[in-house]
2 protein chains.
Amino acid sequence: MAELTTLKRSKQRDAIVAFLKTRKDHPTADMVYQEIRQTIPNISLGTVYRNLSLLSDRGEILRLSCDGKTDRFDADIRPHYHFICKQCGCVQDVDLPYQEDLDHLANASFSGTITAHELLFQGICSTCESGSTH
Amino acid sequence: MAELTTLKRSKQRDAIVAFLKTRKDHPTADMVYQEIRQTIPNISLGTVYRNLSLLSDRGEILRLSCDGKTDRFDADIRPHYHFICKQCGCVQDVDLPYQEDLDHLANASFSGTITAHELLFQGICSTCESGSTH
DNA sequence: AATACAAATAATAATCATTACTATTTTGGA
DNA sequence: TCCAAAATAGTAATGATTATTATTTGTATT
C-alpha cells in the first residue's frame with residue numbers, strides 16, 4: 001500500500017489538497033473531481049482517485065467510510081469524530097475529544113490488541129430539523 | 001426502503017437467516033451466497049442480496065459497513081460494537097456495553113440531534129498476533 | 001540550459017459489489 | 001382448487017473504484 005517512492009509535485013495533486021483544506025463537509029472523490037475540473041478542465045477522474053488514495057496512504061489526509069457507499073476525504077488528520085444525517089446523508093465533524101479510555105475498556109476483554117477506534121454518530125442535522133421535509 | 005408488504009416465506013430466506021444465526025464472523029453477501037449454494041445449488045446471488053437488504057430494512061438483521069468495501073451482516077441485532085483487524089480484515093464482536101453517555105456528550109455541542117452511534121475498534125486480532133506473518 | 005529517468009498524467013478499459021429487470025415459480029388465503 | 005401477491009433464477013445494468021498504457025512532466029545531474 002504505502003510504497004515510499006519519491007513524490008514529484010503536480011498541479012493536480014496540489015489542487016486536490018488545497019481544495020480539501022477549504023472544506024469541512026468531507027467531499028467524495030467525485031465531488032473533488034467536479035470541483036477541480038473548474039480550474040483544470042481535463043483532469044482525469046482516475047487522477048483524483050489515485051491522489052486521494054496516495055495521500056491517505058501517506059497519512060496526509062483521512063479517508064472516511066461513513067455510509068456503505070462512497071468514501072469521503074478529510075484534510076483534518078487530527079483524530080476526531082463524525083456525524084452522518086439519516087435524512088440527507090450529510091457528514092459533519094463532532095466536537096468531542098478522542099476518548100482514549102474506550103480503547104482501554106475494550107482491550108480489557110479482547111483477545112487481540114486494540115489500538116484505535118472510529119466513532120460515527122447518527123441522527124438528524126440542524127438543516128433537516130428546521131426545514132421539515134418528511 | 002422499509003415497505004410494509006406482507007412477507008411470504010421462502011426456503012431461501014429461511015436458509016439465509018438460519019445460516020447467519022450460526023455465525024459470529026459477520027459474513028458478507030458473497031460468503032452467505034457461497035454457503036447457501038451448498039444446500040440450495042441454484043440460489044441466485046441477487047436473491048441473497050435482496051433478502052439481506054429486506055431483512056436489515058425490517059430490523060431482523062444488522063448491516064455493518066466496517067471497511068469501505070463490502071457490507072457485512074449480523075444476526076445479533078442487540079446494539080454492540082465491532083472490531084476489524086488491520087492485518088487480516090476479520091471482523092469480531094467487542095464485549096463492551098453500548099455507551100449511551102457518548103450520545104449525550106456529543107449532543108451537548110451539536111447543532112442537530114444525535115440519536116445513536118456506531119463504534120468500530122481497530123488493531124490486530126489474536127490469530128495475527130500469534131502467527132507473526134510480517 | 002540540455003539530458004535522462006522516474007513519477008504523474010489523461011484517457012480508456014476492466015473489475016467488483018450491488019441493484020434492476022423480467023419471465024417464471026411459489027406461497028398462502030379465499 | 002383458484003388466484004393474486006410475493007419470491008425466485010437468470011441476466012443485464014449500474015456505480016464506484018482500480019488497472020492499463022502511451023504520453024507528458026518534474027527534478028536531479030551534467
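Select I84(B) in this predicted model: I84(B) stands opposite V91(B), a residue of strand β4(B).

Next, show the turn. β3(B) and β4(B) form a hairpin, with 5 residues between the strands.

Now turn to charged side chains. Over all chains, the structure holds 8 salt bridges. Side chains of opposite charge can pair when their charged atoms come close. Three of these pairs follow.

Stay in chain B and select R78(B) with D76(B). Their side chains meet in a salt bridge, at 3.0 Å from N to O. Is R78(B) buried or exposed? R78(B) counts as exposed, because its relative accessibility is 59% and the cut-off for exposed is over 50%.

Move to chain A and select D76(A) with R78(A). A salt bridge joins these side chains, with 3.0 Å from N to O. Colour the pair by accessibility: R78(A) is exposed at a relative accessible area of 60%, whereas D76(A) is partly exposed at 22%.

Last, return to chain B and select R9(B) and D14(B). They form a salt bridge in which the closest N and O atoms lie 2.8 Å apart. R9(B) has a relative accessible area of 72% and is exposed; D14(B), with 34%, is partly exposed.

Notes:
Residues are numbered from 1 along each chain as its sequence is written. Chains are lettered from A and ligands numbered from 1 in the order in which they are written. This is a predicted model: local features need pLDDT of at least 70, side-chain atom pairs count only at pLDDT 80 or more; totals for chains, interfaces and linings use all residues. Side-chain values use heavy atoms; hydrogens and water are left out. Two strands pair if DSSP finds at least two bridges between them. Helices (H or I, at least four residues) and strands (E, at least two) are DSSP runs, numbered from the N terminus. A salt bridge is a side-chain nitrogen of Lys or Arg within 4 Å of a carboxyl oxygen of Asp or Glu. Buried means under 20% relative accessible area, exposed over 50%, partly exposed in between (1.4 Å probe, protein chains only).
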